Amino acid sequence: FGGNNANNDQDNNNKNDNDAAQEANDGFVYKQRLAHFQLCPTNTCGSSKRGCNDYVTDLSDFLAMYVMNKMEVEEMACENVREGCTCEDSNDDGLCYSECYA
């Protein structure tokens with residue numbers, strides 16, 4: 001008694017979802033977020049585009065790699081400051097390191 005109604009409702013919902021997806025595909029509506037960028041040799045920055053290469057990639061991939069690279073550059077800068085700081089003979093290492101990073 002009524003056991004088939006649940007299956008029929010589910011089948012109707014699936015059919016409606018499939019119809020909506022098909023209608024979207026028929027209209028060729030498709031969103032894709034892309035990043036377009038160029039990499040150029042260091043000595044040509046801001047001048048001619050000679051030696052530059054164009055790239056296109058998924059925006060989320062680009063952002064992930066960009067952020068990861070920024071963090072690595074920042075970590076390297078901090079490490080370079082730490083290595084160049086001479087706090088071995090300091091009475092207050094925290095104060096000494098804060099002066100190095102200032």
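The link of Cys40 and Cys52 is right-handed, with 115° about the S-S bond. This pair connects distant parts of the chain, as Cys40 and Cys52 both sit in the loop between strand S1 (34-39) and strand S2 (53-58), 12 residues apart. Strands here are DSSP runs of E with at least two residues, while helices are runs of H or I with at least four residues, and both are numbered from the N terminus. The S to S distance from Cys40 to Cys52 is 2.0 Å, and a disulfide is taken as a pair of cysteine sulfur atoms within 2.5 Å. In general terms, a disulfide is a covalent bond between the sulfur atoms of two cysteines. The structure holds one disulfide.

The model is predicted, so local features need pLDDT of at least 70 and side-chain atom pairs count only at pLDDT 80 or more, whereas totals for chains, interfaces and linings use all residues. Residues are numbered from 1 along each chain as its sequence is written, and side-chain values use heavy atoms, with hydrogens and water left out.

Of the 102 residues in the protein chain, 6% are buried. The protein chain exposes about 9100 Å², of which carbon and sulfur atoms supply 51%; such areas come from the Shrake-Rupley method with a 1.4 Å probe, and for residues only the protein chains shown count as cover. Among contacts (heavy atoms within 4.5 Å) between residues at least 6 apart in sequence, 17% join residues at least 24 apart.

Helix H2 (residues 59-84) includes Met71, which counts as partly exposed at 48% relative accessibility. Asp61 also has its place in helix H2 and, at 44% relative accessibility, counts as partly exposed. The C-alpha atoms of Asp61 and Ala35 are separated by 9.0 Å, although these residues are 26 residues apart along the chain.

Terms used. Buried < 20%, exposed > 50% of the residue type's maximum accessible area, 1.4 Å probe, protein only.
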